[in-house]
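Trainee: I would like to go through the terms used for this model and check each one against its definition.
Mentor: Fine. Have the structure open while we talk.

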Amino acid sequence: MTQTSSPTDELRAAARALDRRRFLTVTGAAAAIALTTNLPNPDSADAAVAPRRARDAAAAIDSDPFTLGVASGDPLPESVVLWTRLAPEPFVANGGMGEESVTVAWEIAQDADFLEPAGSGEVVAYAEFNHAVHVEPDGLLPSTDYYYRFQAGDWTSPVGRTRTAPAADDTPESLRFALVSCQRYDQGYYTAYRHLAGEEGVDAVIHAGDYLYEYAVNSVAGARAYTEELPEIFNRETTTLEDYRLRYALYHSDPDLMAAHAAHPFIVTWDDHEVDNNYAGDVSQDDDPAEEFLVRRAAAYRAYYENMPLRAPQLPNEADLQLYRRLHYGRLAQLDILDTRQYRDDQAYDDGWDVPGPESEDSERTMLGATQERWLADGWAASEAVWNLVGQQVMVSRRSNPEQGEGTVSMDAWDGYPAARQRLLDAAETGGVTNLVVLTGDVHVHYACDIKEDFDDPDSRTLGVELVTTSIASGGDGAEHPDNWETVTEANPHMHLYDGRRGYLLVTLDEQQVRADYRTVSHVTTEGGTVTTAASFVSLAGDPGLTQV
């Protein structure tokens, strides 16, 4: 009787090819689980016949390969990323595509009927990248809506809409972003995305992380209570590359998420659940050996790249992926996207809620890592934008929670890294940032906070504002006033809103003010929820601080 290896055995075998911090080699077990880049070499003897073979493979596709929809992201004034992934059978390995790479045609136009073409071409959907496609058309016009689609063999994808950023020297009259996060599939429907797809005037959607969750999804998809059962492959925690790829297929198959991606460009960053709950650098939640966890992290990072509309600089490098990056929206806004997971020190006091002490207050502790800190500080110093937006994961503002004990704060958030937070705020002040807006996810509730110079003194200077979006689905329906609403709001006078329902956040900017509209959905554990605006706040340029309107 032949004994098959378990995912744990696979991880342990691959770990032998790793140093504590990174891969030492791309051969052996690590290559066997397809964590290396492994793109075909154009100089090889096989390269001359590869294009013909890829076209033949496309022609042989006998069912719709565009089951996961289309997406766009990371807009520039002259370019935007276009994405799709071929998967005629999305819930099986390789998406039912086999081992052959496939030629995919793409086109982009200024109208939905493609009568005003702006670009077209062909790209190879490599089997090594799970037949994902990333296209970066250039030569586009700034501040312009475009429509795009793909073709593989006889099959044509749905049409997506995207939008380029303003020109570098332009000051647009206004900008509007949507902020989303935390979409655990088995805790609710993506009703918020259905409503967001219909929002007009959205320049881009900023995803603050937890795009997927690693936890097992049972046959009825938990709270969704499906009558047609899901395959058993989802009923386990994701640990391998195939696990993560299949989990993205499950999430991307949701029609409301597909609609939101097709309607707006996304600017994404991750939090913890794209890999493992509350991981920190090379430290897993369960304190697995670092060399083992890095194999899992590499698998998760690779699957993330394959399934997100990211540019070539975000291509994973073994166990690393540089996700922090900067986008400019003319002279009105600079958007810095941060990564608070990959480079951070481990959480103090075994994570969770605790009273700050010597371990958490160590001045050397970092949330961003030294390189990312310098990059952010340099970017702020050079910024000429009216508004400096920061898209990131965990709360910057203090969040005291008396119900967890007097003086307790979250060791996973910036509260658990106070020296790093002080460096962050010092860098903003040194860089001359007067209109700082931090955009946050993670906590599954809406918050509206003033970022204070001294959180112990409500009358101290306000250095910026933090707009925290609730979850799309994580946590189920939620409640307007969670059980700890009164104690939390009393303990945090800088907090102007605390709403525990699901939804998203609309952020509108002009030269005079930033406005935050907190959108909430009536329910997500069943379909058909309605959307309303729970509250709206503004902060004036040059005079930070939130006022309800």
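Trainee: Which residues touch the most other members of the largest nonpolar core?
Mentor: Of its 50 residues, Tyr 185, Tyr 190, Tyr 193, Leu 230 and Tyr 304 do. A nonpolar core is a set of buried Ala, Val, Leu, Ile, Met, Phe, Trp, Tyr and Cys residues joined through side-chain atoms within 4.5 Å. Elements giving two or more residues to this core include strand E9 (175-180), helix H4 (191-197) and helix H7 (290-307); H7 gives the most, with seven residues. Helices (H or I, at least four residues) and strands (E, at least two) are DSSP runs, numbered from the N terminus.

Trainee: What should I know about the origin of these values?
Mentor: The model is predicted, local features need pLDDT of at least 70, side-chain atom pairs count only at pLDDT 80 or more, and totals for chains, interfaces and linings use all residues. Residues are numbered from 1 along each chain as its sequence is written, and side-chain values use heavy atoms, with hydrogens and water left out.

Trainee: Why is Asn 484 called buried?
Mentor: Buried means under 20% relative accessible area, exposed over 50%, partly exposed in between (1.4 Å probe, protein chains only). Asn 484 has 17%, so the residue is buried. Its place is in the loop between strand E19 (462-468) and helix H10 (485-491).

Trainee: Which residues is Asn 484 in contact with, leaving aside neighbours within four places in sequence?
Mentor: Asn 401, Glu 403 and Tyr 498; contact means heavy atoms within 4.5 Å.

Trainee: Why is strand E15 described as largely enclosed?
Mentor: Five of the five residues of E15 (387-391) are buried, so the rest of the structure largely encloses this strand. Trp 387, Leu 389 and Gly 391 point one way, and Asn 388 and Val 390 the other.

Trainee: What makes strand E13 (333-337) a partner of E15?
Mentor: Two strands pair if DSSP finds at least two bridges between them. E13 and E15 have five, in the parallel sense, with Gln 334 opposite Asn 388. E15 also pairs in the parallel sense with strand E17 (436-440), over four bridges, and there Val 390 stands opposite Val 438.

Trainee: How do you know that the length of helix H9 (418-430) agrees with expectation?
Mentor: The expected span is 1.5 Å times one less than the number of residues. For the 13 residues of H9 that gives 18 Å, and the end C-alpha atoms are 18 Å apart, so the two agree. The buried residues of H9, among them Leu 424 and Leu 425, pack against helix H8 (370-382), E17, strand E18 (446-452) and E19.
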